[in-house]
Amino acid sequence: MSPESQGQNEHYLSVFRRTFRTWRGNRPFWAGLFTMLGGVPIAYFPYANMHLGNVTLAMSTTAGAGSLIIGVLLITLGLTMWFHSIVRVFAGVAAILLALISIPVANIGGFLIGFVFALLGGALSLSWAPGEPVAEALPEAGVPAETAPDGLSFTKDERTAEHSGGELYGSAVPQQEQAKYDTTVEVDGGSHRAG
């Protein structure tokens, strides 16, 4: 075997692919892509001319500006889903509403192509949730007790018994210490010493 690290000799395409996969997994990628793909036909068709032989068919409508605005907003919402995924719920709802509005405004939602893509992208954005971090492996026996985030202290055996439903379930609850001083409060008829 070579003493060199295998990671140093990787091809730049495999590094890019792995980096892109990581980036794509941390955001609603497909939702943003479908939303942007829905915005393109909605914005394009009112300004397009179709040529059938010598006949030119103009698909422009009176709501051409409205179609352009809806298309550009859908593309912007798709980019928002990619680069600012914290507002994915708002972007998803807005994409669904714009897709529905595009039916009467923008040539039946870009001949239903843009409508379906924008509706699907908005629904995917609403349903996407960030993944849970991978749980760390349990430490081996002989390792001192750990402290949980809530302040409880337990060992590996107690933790595994707690998760497996064993006889030690709930035994990791610490006992309360006795007070070192008298905690009784003297009451002076409701009056306070300071006032």
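**Figure 1. Met 81 and its contacts.** Leaving aside its neighbours within four places in sequence, Met 81 is in contact with Arg 27, Pro 28, Ala 31, Gly 32, Thr 35, Ala 91, Gly 92, Ala 95, Gly 121 and Ser 125 (contact means heavy atoms within 4.5 Å). You're looking at a predicted model, so local features need pLDDT of at least 70 and side-chain atom pairs count only at pLDDT 80 or more, while totals for chains, interfaces and linings use all residues. Residues are numbered from 1 along each chain as its sequence is written, and side-chain values use heavy atoms, with hydrogens and water left out. Met 81 sits in helix 3; helices (H or I, at least four residues) and strands (E, at least two) are DSSP runs, numbered from the N terminus. With a relative accessible area of 0%, Met 81 is buried. Buried means under 20% relative accessible area, exposed means over 50%, and partly exposed is in between (1.4 Å probe, protein chains only). Leu 33 is 48 residues away along the chain, yet its C-alpha atom is 8.9 Å from that of Met 81.

**Figure 2. The whole protein, for orientation.** Starting from the N terminus, their order is α-α-β-β-α-α-α-α-β-β-α. Of the 195 residues, 25% count as buried. Take the contacts between residues at least 6 apart in sequence: 61% of them join residues at least 24 apart. The protein exposes about 14,200 Å², and carbon and sulfur atoms supply 62% of that. Accessible areas come from the Shrake-Rupley method with a 1.4 Å probe, and for residues only the protein chains shown count as cover.

Figure 3. How far apart are the end C-alpha atoms of helix 2? They're 23 Å apart, which agrees with the 22 Å that 16 residues should span at 1.5 Å a residue (the expected span is 1.5 Å times one less than the number of residues). The buried residues of helix 2 are Phe 29, Ala 31, Gly 32, Thr 35, Met 36, Gly 38, Gly 39, Pro 41, Ile 42 and Ala 43. Those buried residues pack against helix 1 (12-25), helix 3 (64-83), helix 4 (88-105), helix 5 and helix 6.

**Figure 4. Aromatic rings around Trp 30 and Phe 34.** Rings of Phe, Tyr and Trp (its six-membered ring) pair if their centres lie within 6.5 Å; planes under 30 degrees apart count as stacked, over 60 as edge-to-face and the rest as tilted. By this rule there are 13 aromatic pairs. In one of them, the ring centres of Trp 30 and Phe 34 are 6.4 Å apart with the planes at 35°, so that pair is tilted. Trp 30 and Phe 34 are four residues apart in helix 2 (residues 29-44), which means about one helical turn separates them. Phe 34 also pairs with Phe 117, and this time the rings are stacked: 5.8 Å centre to centre, with 15° between the planes. Because Phe 34 lies in helix 2 and Phe 117 in helix 6 (residues 113-127), their pair ties together parts that are 83 residues apart in sequence. Trp 30 is partly exposed at 46% relative accessible area, and Phe 117 is partly exposed at 29%. Zoom out a bit and ring pairs link Phe 16, Phe 20, Trp 23, Phe 29, Trp 30, Phe 34, Trp 82, Phe 83 and Phe 117 into a cluster.

Figure 5. Most residues other than glycine have a negative phi. Ile 108, in helix 5 (residues 107-111), has a positive phi near 55°. Leu 112, in the loop between helix 5 and helix 6, has a positive phi of about 65°. Ile 108 is partly exposed at 48% relative accessibility, and Leu 112 is partly exposed at 45%.

Figure 6. Strand 1 (residues 49-52) and strand 2 (residues 55-58) run antiparallel, joined by four bridges. Two strands pair if DSSP finds at least two bridges between them. Across the pairing, Met 50 stands opposite Leu 57. Two residues lie between the strands of this hairpin, and Gly 53 in the turn has a positive phi of about 70°.

**Figure 7. Ser 127 in helix 6.** Is Ser 127 buried or exposed? Ser 127 belongs to helix 6 and is exposed, with 55% relative accessible area. Its side chain reaches the backbone oxygen of Leu 124 at 3.2 Å. The C-alpha atoms of Ser 127 and Ala 31 are 9.4 Å apart, although 96 residues separate them along the chain.

Notes: A polar contact is a pair of N or O atoms within 3.5 Å; within protein, one must be able to donate a hydrogen and the other to accept it, and residues adjacent in sequence count only if both atoms are side-chain atoms.
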